[in-house]
Amino acid sequence: MDFNLLFKALFIQSVLGLGSVVVAELVRDVYHVAGHYWQPLQSPHNLHHKAYRRDLSIVSLAAYQKAQWHNDVPEALVMVISTALIALAGGQFGAAYGLWAGCLYSLSFLITAIARSQGRLLQTDLTHKPGDLTEIPSQWSVNRTYHWRHHFDQGNAYFCGTLTFMDKILGTSLSLKGKVVGVTGASGALGQALIRQLSRQGAKVIALTSHLDAAFPPEVEVIPWRISPEGNPEANSESNSEANLEASLKDQLERMDILILNHGVNVYGDRSFAAIQASYAVNTFSTLKLTELFLDTVTKSSHKAIKELWINTSEAEVNPAFSPLYELSKRTLGDLITLKRLDAPCIIRKLVLGPFKSKLNPYGVMTAQGVAWAIVELAKRDFRDVIVTINPLTYLLFPVKELFQSLYFKLFTHSRAPQSKQGQTAQTLQKI
Ligand SMILES: [Zn+2]
Ligand SMILES: [Zn+2]
């Protein structure tokens with residue numbers, strides 16, 4: 001027997017099998033999208049939406065069983081038939097029995113859906129388990145929090161049932177419609193462009209800016225804000241008396257669904273102590289402080305699903321920006337956000353942007369408008385690291401850097417002080 005040939009055949013059949021499972025999931029998602037847009041399927045699908053309360057507990061067993069019979073059973077049946085037809089067609093081109101894997105896979109959903117429609121095996125309904133949301137939305141597969149958004153955030157998005165490909169293709173992995181989105185650095189080129197793009201998506205934008213003379217569209221709410229005096233070299237002595245200006249934003253942050261931290265300073269070639277202080281105060285610590293304040297507002301179960309923090313850490317995280325202090329302060333911010341991500345109570349996206357034309361960078365090659373459009377399109381496809389640049393190296397280096405930095409931080413830090421060392425940590429903190 002030729003083992004090489006056997007191995008090759010097994011490999012091909014496994015690939016066909018896996019592919020057919022993915023196809024089965026795509027069929028499920030197409031059927032679901034049709035349930036929202038194609039009239040004949042709308043009323044049976046509506047039964048599914050009406051069967052659950054906000055905590056995903058069922059309205060009644062009768063309503064649940066009816067929804068299973070009229071929505072889940074036909075959905076699984078369509079999956080079985082489509083995958084069977086594909087396997088039969090594949091068989092015409094030679095040995096393709098691996099293709100039957102998708103059909104068997106679909107059959108398991110048909111059997112459990114029929115059982116649920118009879119009030120049995122209810123525990124097999126994994127994405128509708130009742131109770132508070134405990135995780136943030138997952139990225140490649142659908143968890144409860146991911147699917148919760150389809151029911152209670154936006155019905156015309158988050159269509160996927162098991163794998164998230166379809167939403168990524170359609171740009172429905174994130175709906176901005178009706179979301180309250182705060183943007184810092186709002187008067188800058190990117191801030192203005194982001195506001196336009198977000199409004200176009202139906203978001204209610206709040207502009208946070210220190211430039212009160214800047215013009216904003218009438219529908220945008222403007223909140224004057226500037227970073228704490230200790231971090232703002234331009235702050236005059238009068239405002240120095242006001243401590244902790246970021247903290248006064250807490251009430252505003254509470255009502256925001258998404259906060260985009262986009263403010264920054266570039267001191268270019270200045271290497272004075274004041275320039276060092278200003279770079280870190282604005283680019284690193286004021287952003288970190290707002291990050292803390294915003295994450296503190298994630299208190300309810302629904303916040304885990306809906307709230308998001310987007311942080312413009314810049315391409316300077318991995319590439320030179322020809323402004324050393326800008327790089328240093330942005331890299332520190334980027335690393336600290338990687339650290340914060342380990343215990344993130346909601347989605348944190350990094351905006352890793354290349355040079356675009358703005359006041360900070362008059363030589364930028366991309367336009368702020370184009371960058372803002374790309375950011376929104378990538379976020380709608382659930383990119384957690386939103387890389388928009390013309391430098392191909394960033395696309396290679398950033399994910400590697402993020403992965404290893406994150407692993408390193410995970411190994412050598414912990415979310416809470418361990419029991420035995422708690423006293424010691426408290427002492428250390430007191431000394432500081
Ligand atoms: Zn559902
Ligand atoms: Zn639906």
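Visitor: How far apart do the C-alpha centres of domain 1 and domain 2 lie?
Guide: They lie 41 Å apart. Do keep in mind that this is a predicted model. Domain 1 covers residues 3-126 and domain 2 covers 180-414.

Visitor: What makes the contact between α12 and α14?
Guide: On the α12 side you will find Asp 335, Thr 338, Leu 339 and Arg 341. The α14 side brings Glu 402, Gln 405, Ser 406 and Phe 409. Sorted by class, the contact has two nonpolar, three polar and three charged residues.

Visitor: How do you know whether Lys 330 is buried or exposed?
Guide: We count C-beta atoms around this residue, which is found in helix α12. Lys 330 has 24 other C-beta atoms within 10 Å. A residue is buried at 20 or more, so Lys 330 is buried.

Visitor: Which residues is Lys 330 in contact with, leaving aside its neighbours within four places in sequence?
Guide: Those are Asn 283, Thr 313, Ser 314, Ala 316 and Glu 317.

Visitor: And what separates the C-alpha atoms of Lys 330 and Arg 341?
Guide: A distance of 16 Å, with the two residues eleven apart along the chain. Arg 341 is also one of the residues of α12 that make the contact with α14.

Conventions
Residues numbered from 1 in each chain as written. Chains lettered and ligands numbered in written order. Predicted model: local features only at pLDDT ≥ 70, side-chain atom pairs only at ≥ 80, totals over all residues. Domains from an automatic or database assignment. Contact = placed C-beta atoms within 7 Å. Helix = DSSP H or I, 4+ residues; strand = E, 2+ residues; numbered from the N terminus. Nonpolar A, V, L, I, M, F, W, Y, C, P; charged D, E, K, R; others polar. Buried ≥ 20, exposed ≤ 12 C-beta atoms within 10 Å, placed from the backbone.
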